[in-house]
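Thanks for coming. I have one structure to go through today, so please look at the screen while I talk.

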Amino acid sequence: MVDVLGGRRLVTRGGACVEAEAALQNKVVALYFAAARCALSRDFTPLLCDFYAELVELAQPPAPFAVVLVSVDSSAQEMQDFMRQLPGTWLALPFQDPYRHELRTRYHITATPRLVILKPSGEVITDKGRKQIRERGRACFQNWVEAADVFQNFSA
């Protein structure tokens, strides 16, 4: 994550700050570009939350997976309201961090929601995470783990 989020602080749903590198170390990271006002985001978010819960919150051992919200909301309040609907362990770039806009440019985000899956190095595994989850469910995660070279005794 050094290339993508190195040196950045992320926020939790409760507003606490965490160092991105420590929180995301040795994990497949999903950058979730979404907005509360976007109907497609509101439609996909529950599916992504369930996907995450099955892999991380309910699994033993938990899968090496983290979701980082990159909000495209128009206000900090909209982003906070949206984050209240998300799992408490998800992280987000702070609303006031201009890097949110740089990431949208870097990953060619023109519509939301978009789920970009990254290796721990920051290299893109796929920018079609939303489509893969919809079509394959948990099975797509095994491919992401293998592509990321993250060792985990995990089976989808």
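I will start with the overall fold, then go to the cores, the salt bridges and one aspartate.

First, some housekeeping. This is a predicted model, in which local features need pLDDT of at least 70 and side-chain atom pairs count only at pLDDT 80 or more, while totals for chains, interfaces and linings use all residues. Residues are numbered from 1 along each chain as its sequence is written, and side-chain values use heavy atoms, with hydrogens and water left out.

Now the fold. The protein has seven helices and seven strands. Both are DSSP runs numbered from the N terminus: helices are H or I with at least four residues, strands are E with at least two. In sequence order the pattern is α-β-β-α-β-α-β-α-β-α-β-β-α-α.

How does the radius of gyration compare with that of a compact globule? For 156 residues such a globule would have a value near 15 Å, and the protein has 14 Å, which agrees. The radius is taken over C-alpha atoms, and the globule rule is 2.2 Å times the number of residues to the power 0.38. Along the principal axes, the C-alpha atoms fill a box of roughly 40 × 30 × 30 Å.

Next, contacts, meaning heavy atoms within 4.5 Å. Of those between residues at least 6 apart in sequence, 65% join residues at least 24 apart.

As for burial, 48% of the 156 residues count as buried. Buried means under 20% relative accessible area, exposed means over 50%, and partly exposed is in between, with a 1.4 Å probe and protein chains only.

In soluble globular proteins, nonpolar side chains tend to be buried together. A nonpolar core here is a set of buried Ala, Val, Leu, Ile, Met, Phe, Trp, Tyr and Cys residues joined through side-chain atoms within 4.5 Å. The largest one has 31 residues, and Tyr32, Leu48, Phe51, Phe65, Leu69, Phe141 and Trp144 have the most contacts inside it. At least two residues of this core come from each of β3 (28-34), α3, β4 (65-71), α4 (76-83), β6 (114-118) and α7. Helix α3 gives the largest share, seven residues. Apart from this core lies another, of 19 residues, including Leu24, Leu31, Phe33 and Leu91.

Take Phe51 as an example. Leaving out residues up to four places away in sequence, Phe51 touches Phe65, Ile133, Gly137, Arg138, Cys140, Phe141 and Trp144.

Side chains of opposite charge can pair when their charged atoms come close. The cut-off is a side-chain nitrogen of Lys or Arg within 4 Å of a carboxyl oxygen of Asp or Glu. How many salt bridges does the structure hold? There are 11.

In one of them, Glu54 pairs with Arg138 at 3.6 Å, N to O. This pair links distant parts of the chain, 84 residues apart: Glu54 is in helix α3 (residues 39-57), and Arg138 is in the loop between α6 (129-136) and α7 (139-148). Glu54 is partly exposed at 38%, and Arg138 is partly exposed at 31%.

Another joins Arg9 and Glu19 at 3.1 Å, N to O. Arg9 sits in strand β1 (residues 9-12) and Glu19 in strand β2 (residues 17-19), 10 residues apart. Arg9 is partly exposed, with a relative accessible area of 47%.

Glu123 and Lys119 also form a salt bridge, at 3.6 Å, N to O. Lys119 counts as buried because its relative accessibility is 18%, whereas Glu123 is partly exposed at 45%. There is also a network of salt bridges linking Arg37, Asp73 and Glu78.

Last, Asp97. Where does Asp97 sit? Its place is the loop between β5 (91-92) and α5 (99-106). Is Asp97 buried or exposed? Asp97 counts as buried, because its relative accessibility is 12%.

The side chain of Asp97 makes a polar contact with the side chain of Arg8 at 3.1 Å. A polar contact is a pair of N or O atoms within 3.5 Å; within protein, one must be able to donate a hydrogen and the other to accept it, and residues adjacent in sequence count only if both atoms are side-chain atoms. The Asp97 side chain also reaches the backbone nitrogen of Tyr99, at 2.8 Å. Asp97 and Arg9 are 88 residues apart in sequence, with their C-alpha atoms 9.4 Å apart in space.
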